[in-house]
Amino acid sequence: MISKIKQALTIKDIRKKLLFTFFMIIVFRLGTTIPVPGIDTSVIKNMVEKNSLLGLYNMFSGGAFSNFTIFALGIGPYITASIIIQLLTAGFESLKELQKSGEEGKKKINKYTRMTTLGLAIIQAIGITLGIVRSALKVNNPFFIFTVIITLVAASMMVMWLGDRITEKGLGNGSSVLIFVGIISRLPIDIGAIAQRVSIGLLKWPAITIFVVVVLFTITGVTFINESTRKIPVQYAKRVVGRKMYGGESSHIPMKVNQSGVMPIIFASSILALPQTIALLGGSKMQAAVNAFFNLSTDKGFWTYRIIEIVLIVLFSYFYNTISFNTEDITKNMKNSGGFIPGIRPGKPTEKYLGGILSKLTIVGAAFLGLMAMIPALITHYMQIPMNFGGTSLLIIVGVALELKRQLESNLVMKNYQGFLK
């Protein structure tokens, strides 16, 4: 991997992409250190320590929420807006046709996503400011509250812009990269908390050893499932065009076990953050009701949260696989080019065959992702290890790292033709 990075740095276009991504990450991290003025952050930090759901939200924002910086909302509103638009696209034929209509259709879909992001950012900023932050305001008047809300909304739209720029001109999916950076940035703090517990005798080395083994096992398992592919053989019929004969060769359709990558995990985490946001608008009673079911420090809250998370991962895996691997379009393209799967008739039988395989692979991939999310979470919960770096966050980190590796390799293949000449 290091040799590939060195090779990439020698190619101008790839080097520019890497440097641009790195620059956008620096801008993002700077935004997580600029505090919103007039806020007593000690009050918010105390709330985050007591509320496990706020702790998860804080982890995805890279600590920006507990310090209440301008990027306190993070990329959350944009992720939630993307989920809403994709669900609507699957349900409404007009949006589905718009998505298939090329570059112009994608631009309109992106426009709708940004408008939805703005609406969600306003709702979330109002909920957080009037719910959590109001008790931490040093100046409690309508104008100052309005200023805080506008600051949070504007900064959230800037985070969305940073993610879009990384996707367009950098390397990787911008939203995933920013979440990846936010989680990684909290790792030194978690390690420091563990070291402190070990030093005062609250945590023993056998527990640390078990946790490290589980983390390594999870990384290996996620890497294996993300790289696993089933190859569907495809045969092309021979046809004569003029005096030349075409076709007759065989190929394959690669169907990944985890076709959707890390997106179902990110989507599930974003959906589970919604109850807390809604509770902020409903006052202290609603917040207490939500915490009763989702407080990760209790057994009831832990199992409720994790079971719902696994169900959402499975559902989003099915949904995302349907979008990213359209069996109808693939079947039509195969038929038009004279291709067929040996033993399967072209047309509807082929589409049904591919759909059946996709469903089976999705069950295996989604169940494995759920298992990999649960095991580290069980260890950290029952061994009382103060580590946010586990379960869901670990899956996101490994998934994004693998995606970045694949994109780097594909860029190297496009730019380096030496292998084809040898």
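Tutor: Axes are lines fitted to C-alpha atoms, for helices over the stretch in contact, and angles run from 0 to 180 degrees between N-to-C directions. Helices are DSSP runs (H or I, at least four residues) numbered from the N terminus. The model is predicted, so local features need pLDDT of at least 70, side-chain atom pairs count only at pLDDT 80 or more, and totals for chains, interfaces and linings use all residues. Residues are numbered from 1 along each chain as its sequence is written, and side-chain values use heavy atoms, with hydrogens and water left out.

Student: At what angle do α5 and α14 pack?
Tutor: Take α5 as residues 76-91 and α14 as residues 299-324. Their axes sit 11 Å apart, and the angle is about 65°.

Student: Which residues of α14 make that contact?
Tutor: Contact means heavy atoms within 4.5 Å. From α5 come Ile-83, Gln-86, Leu-87 and Ala-90. Their partners on α14 are Phe-316, Phe-319, Tyr-320 and Ile-323.

Student: What span does α7 reach from its first C-alpha to its last?
Tutor: Helix α7 (residues 103-131) has 29 residues.

Student: How is α7 oriented to α8?
Tutor: α7 and α8 (residues 142-169) pack at about 140°, with axes 9 Å apart. Angles under 35 degrees count as roughly parallel, over 145 as roughly antiparallel, 65 to 115 as roughly perpendicular and the rest as oblique. So α7 is oblique to α8.

Technical notes. Helix = DSSP H or I, 4+ residues; strand = E, 2+ residues; numbered from the N terminus. Expected span 1.5 Å × (residues − 1).
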